[in-house]
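Subject: Structure handover

Dear colleague,

Here is the structure you asked for. My notes on it follow below.

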Amino acid sequence: MAELAVIGGTGLTALEGLEIVREEHPGTPFGAPSSPLVHGMLGGREVVFLARHGREHTIPPHRINYRANIHALKHAGVRRVVAVAAVGGITAEMSPARLVIPDQIIDYTYGRRHTFFEEDLGEVTHIDFTEPYDAALREHLIQVCRVEGLDAVEHGTYGATQGPRLESRAEITRMERDGCDIVGMTGMPEASLAREAGLGYAACAVVANWAAGKGGQTVIEMAEIERTVRQGMDKVRTLLERLLLRL
Ligand code: HPA
């Protein structure tokens, strides 16, 4: 049984090189996940792949059924999840095409179904979220990047915004004051639901663009985001293959 799942984001709706063994279309108490679970082999190791925005990249960040996605992966029997996501770079190190293994999160999202612990509770449940990402899985990602010479920033605070619009310059200035290094739209509630489900969760972010008002540009072009993500995803594929060999 696969130990690891990969949730692919923008630029990673399928895992190149994955030899597909079977597809699963699970239902969950929360509805259907964004895409079928694709069970397959990558570099000789079992892995499960889920496309966060759907196979055709049609589900916007605020409409993703995060609960169904995490529930489906939990019930597929995986124990760890690597989340891949495109982000905007806020602080100086976070330049386009770099990989980032974030270590903290600030959640600016709203109105998303963000917990498994709201109905049929024997008692009110609070998870610890001091360190939102799984330390051991982060360390594996960092070590693989070092060994493979993949240029990655080994820390960073991920600010999760609601989307689907990009942010205003003032919002990014505020996020920087808050301590955010990168900005994306899908990191929450995915990370906290994984913690609630008892899954070890870590993220690999690909910086797609300078966030609003950063890097000297006055508008953010989607074409630029897509181009840079494509470059970054080649590194992500190498990272995932090598990670599977280590686990
Ligand atoms: N902001 C939010 N999410 C993103 C960005 C951004 O600039 N780039 C890629 N995902």
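A residue is called buried when its relative accessible area is under 20%. Please bear in mind that this is a predicted model.

Helix α1

By that cut-off, Tyr66, Arg67, Ala68, Asn69, Ile70, His71, Ala72, Leu73 and Ala76 of helix α1 are buried. That is nine of the eleven residues in α1 (residues 66-76), so the helix is largely enclosed by the rest of the structure. Its buried residues pack against strands β1 (4-8), β2, β3, β4 (45-51) and β5 (80-89), and against helix α4 (190-196). Gly77 follows α1 and has a positive phi, near 95 degrees.

Strand β2

Is strand β2 enclosed or in the open? Of its six residues (19-24), the number buried is zero, so β2 lies largely in the open. Strand β2 runs antiparallel to β3 (residues 37-42), and five bridges join the two. In this pairing, Arg22 stands opposite His39 of β3.

In soluble globular proteins, nonpolar side chains tend to be buried together. The largest nonpolar core here has 35 residues, and Ile70, Leu73, Val78 and Val81 are the ones that touch the most other members. Two or more residues of this core come from each of β1, β4, α1, β5, β9 (157-160), α4 and β11 (200-210). Helix α1 gives the largest share, five residues. Another core, of 33 residues, lies apart from this one; among its members are Val38, Leu42, Phe49 and Leu240.

As for Val81, leaving aside neighbours within four places in sequence, its contacts are Leu4, Ala5, Ile7, Leu73, Leu137, Leu199, Gly200, Tyr201 and Ala202.

Pocket and cavity

The largest pocket holds about 470 Å³ of space. Its lining is made up of 30 residues, and those nearest the centre are Thr10, Pro61, Ala86, Leu166 and Met185. At least two lining residues come from each of β5, β10 (182-184), β11 and α5 (222-246). Strand β5 supplies the largest share of the pocket lining, four residues.

There is one cavity of 30 Å³ or more in the structure. The space in this largest cavity is about 60 Å³. It is lined by Arg52, Ala83, Ala85, Tyr133, Tyr158, Thr186, Gly187, Glu190, Tyr201, Ala203, Cys204 and Ala205. Strands β5 and β11 are the elements that give two or more residues to this lining, and β11 gives the most, with four.

Cysteines

How many disulfides does a search of the whole structure find? The count is zero. A disulfide needs two cysteine sulfur atoms within 2.5 Å. The closest cysteine sulfur to that of Cys180 belongs to Cys204 and is 18 Å away, which is too far for a bond. For Cys204, the closest cysteine sulfur is in Cys145, at 6.4 Å, and this is also too far for a bond. Cys180 counts as buried because its relative accessibility is 1%. Cys204 counts as buried too, at 1% relative accessibility.

Regards

Notes. Residues numbered from 1 in each chain as written. Predicted model: local features only at pLDDT ≥ 70, side-chain atom pairs only at ≥ 80, totals over all residues. Heavy atoms only, no water. Buried < 20%, exposed > 50% of the residue type's maximum accessible area, 1.4 Å probe, protein only. Pairing = 2+ DSSP bridges. Contact = heavy atoms within 4.5 Å. Core = buried A, V, L, I, M, F, W, Y, C linked by side-chain atoms within 4.5 Å. 1 Å grid on protein atoms, 1.4 Å probe; cavity = no way out; pocket = protein on both sides within 12 Å on 5 of 7 lines; lining within 4 Å. Points joined across faces, edges and corners; volume = space filled by probe spheres on them.
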